[in-house]
Amino acid sequence: METQMIINNFILNELAKGRKKTINNDEDLLAEGIIDSLGILQLVAFIEEKFNFTVPDEDVVIENFMSVNALSSYLDQKLAAKH
Amino acid sequence: MIRKLLLLNGIAILFAVYHHSIYWAITAINFWGHRFVSNATPQSLFSPNLFSIFLRITDQIAGVAVPAFLFVSGFLYGFSLNHQSIRQSYRFLQKRIIYLLIPYIIWSSITVVFRLMEGNSYSLTKLARVFLLGEADGPFYYVPLIIQLILLSPFLFRAVKEFPLVAVGIGFLLQFLSGITWYFKILNVNLPQSLNFLNLFKGGYLLSHLLWFIVGLSLFIYREKITSFLKNHRWWILFLIAFFVIFGQIEFQLLINASGNDWINSQSSLITKWLYSLLLLAYVVMGKNIFLSSNIEVLGANSYGIYLSHVIVIEICARLIYHVLPFLLGQTVILLGILVFMGITIPLLMMHLSKKFPIKPIYSYLWG
């Protein structure tokens with residue numbers, strides 16, 4: 001839940017740049033134009049800094065970055081495996 | 001690898017600003033000498049010396065900015081289009097194009113107004129060229145170019161996935177053929193009749209720049225294979241980079257002598273284009289930590305807004321220095337430093353302020 005909120009806030013405040021006032025956690029971030037492809041790179045950089053873990057290249061696939069829910073469940077899985 | 005692309009975007013925008021600042025540094029040396037030396041005559045202050053060679057080499061390398069943007073875009077569009085039907089792809093691309101196109105129209109219009117205030121005039125044809133071909137100012141050509149590539153990207157993605165070597169080969173061939181026509185143009189020589197077919201490849205940026213977008217797409221699809229190939233050949237790549245830098249300088253001087261020009265834009269030469277491809281490949285296998293990485297990543301994230309607005313900022317700064325601090329015009333290194341600093345920080349400041357004021361809802365339409 002906390003991961004979802006952190007990601008949602010980051011996308012809304014830093015990446016959506018006024019394109020949306022709120023983001024539904026299930027919304028398709030790319031298809032809806034909430035973030036652009038460069039936003040994916042910013043998301044990776046943010047995750048690496050915030051959660052102190054390196055996102056492997058092979059995990060940067062659209063399935064993991066499609067929505068806030070997809071990204072947070074990917075992250076929760078990875079962080080659980082790390083601890 | 002992924003994060004290195006954000007850094008590459010940041011390095012590219014720094015290079016773009018440096019490349020466009022050099023234009024004003026050369027203008028200051030060649031044409032504004034009377035502002036800082038009492039008996040200066042045009043061009044009397046810029047004879048070939050170590051410093052001018054330094055400017056040439058750094059200018060040549062900084063020109064990698066647009067190829068780098070295309071390379072990163074190719075990779076990212078590969079990411080975005082993977083597993084999507086053509087229809088789904090165009091839905092996403094449509095949104096992307098809107099956020100590229102509207103800021104481009106706004107900044108092109110601002111540039112046109114600025115030029116009108118300088119006393120220039122625009123015919124309808126010229127205005128059409130400004131918006132359709134990106135002729136508001138030198139760097140604006142990038143936007144119509146990237147939009148063409150975005151529109152082609154669903155097809156390019158499939159071509160690269162099915163026939164990678166053929167796609168890269170076609171990109172290389174198109175770049176080579178359009179590059180040849182540039183040599184005839186710069187030397188003011190008409191194409192011989194047997195080479196008339198080359199006129200098909202003349203003009204426009206799509207054919208000469210397609211390769212870098214295709215290489216970016218290829219890197220996304222065949223990341224592991226390409227990275228391991230490049231790692232095994234990295235010393236060859238470095239050797240070729242050194243060779244092309246030196247050979248590029250020799251070519252530059254030969255073309256200057258043969259054409260009678262004072263300066264040529266070496267970005268269009270084939271040697272320089274091959275150098276750019278090698279620099280991008282070398283970057284793929286380089287370590288990711290460089291000085292001020294995280295700050296440069298911030299530039300990378302804001303590169304489009306900086307790219308659109310820096311030209312006018314640099315020009316205003318250069319003209320202000322001409323009137324207010326003319327002695328700086330003769331201090332090329334300091335002048336370049338000031339122009340690059342202002343060309344980066346003023347757009348960033350404007351972007352930051354746009355987020356704070358009630359215009360935040362239109363931020364993406366101003367800066368992408």
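In chain B, the C-alpha centres of domain 1 and domain 2 lie 23 Å apart; the domain bounds come from an automatic or database domain assignment. This is a predicted model, in which local features need pLDDT of at least 70, side-chain atom pairs count only at pLDDT 80 or more, and totals for chains, interfaces and linings use all residues. Residues are numbered from 1 along each chain as its sequence is written, while chains are lettered from A and ligands numbered from 1 in the order in which they are written. Here is a tour, starting with the two domains.

**The two domains of chain B**

- Domain 1 of chain B is made of residues 1-47 + 305-358, and domain 2 of chain B of residues 57-288.
- Where they meet, 23 residues of domain 1 of chain B are in contact with 22 residues of domain 2 of chain B (contact: C-beta atoms, placed from the backbone, lie within 7 Å).
- On the domain 1 side of chain B that touches domain 2, α1 and α13 (303-324) each supply at least two residues; helices here are DSSP runs of H or I, at least four residues, and strands are runs of E, at least two, numbered from the N terminus.
- The largest share of that domain 1 side, 16 residues, comes from α1(B).
- By type, the domain 1 side that touches domain 2 of chain B divides into 15 nonpolar, 6 polar and 2 charged residues. Here Ala, Val, Leu, Ile, Met, Phe, Trp, Tyr, Cys and Pro count as nonpolar, Asp, Glu, Lys and Arg as charged, and the others, Gly among them, as polar.

**Chain B as a whole**

- Chain B has 15 helices and 0 strands.
- The radius of gyration of chain B is 21 Å, close to the 21 Å that the globule rule gives for 368 residues, so chain B is as compact as a globular protein of that length. The radius is taken over C-alpha atoms, and the rule is 2.2 Å times the number of residues to the power 0.38.
- The C-alpha trace of chain B spans about 65 × 55 × 45 Å along its principal axes.
- Of its 368 residues, 39% count as buried. A residue is buried if 20 or more other C-beta atoms, placed from the backbone, lie within 10 Å of its own, exposed if 12 or fewer, and partly exposed in between.
- Among contacts in chain B between residues at least 6 apart in sequence, 80% join residues at least 24 apart.

**Where chain B meets chain A**

- Across the chains, 25 residues of chain B are in contact with 20 residues of chain A.
- On the chain B side, two or more residues come from each of α1 (2-31), α3 (65-81), α4 (86-117), α12 (293-301) and α15 (363-367).
- That chain B side divides into 13 nonpolar, 5 polar and 7 charged residues.

- α1(B) is mostly covered, as 25 of its 30 residues are buried.
- At 1.5 Å a residue, the 30 residues of α1(B) should span 44 Å, and its end C-alpha atoms are 44 Å apart, which agrees. The expected span is 1.5 Å times one less than the number of residues in the helix.
- Leaving aside neighbours within four places in sequence, B:A65 is in contact with B:A12, B:I13, B:F15, B:A16 and B:H19.

**Helix α2 of chain A**

- The 15 residues of α2(A) (residues 37-51) should span 21 Å at 1.5 Å a residue, and the end C-alpha atoms are 21 Å apart, which agrees.
- Buried residues in α2(A) include A:L38, A:I40, A:L41 and A:V44.
- The cover over the buried residues of α2(A) includes α1 (2-15), α3 (62-65) and α4 (68-82) of chain A, together with α1, α3 and α12 of chain B.

**Residues to look at**

- A:N52 lies in the loop between α2 and α3 of chain A and has a positive phi of about 55 degrees although it is not a glycine.
- A:N52 counts as exposed, with 9 C-beta neighbours inside 10 Å.
- B:N188 lies in the loop between α7 (164-186) and α8 (206-221) of chain B, and its phi is also positive, about 60 degrees, although B:N188 is not a glycine.
- B:S73 is found in helix α3 of chain B and counts as buried, with 22 C-beta neighbours inside 10 Å.
- Not counting residues up to four places away in sequence, B:S73 touches B:I146, B:F213 and B:G216.

Key
Contact = placed C-beta atoms within 7 Å.
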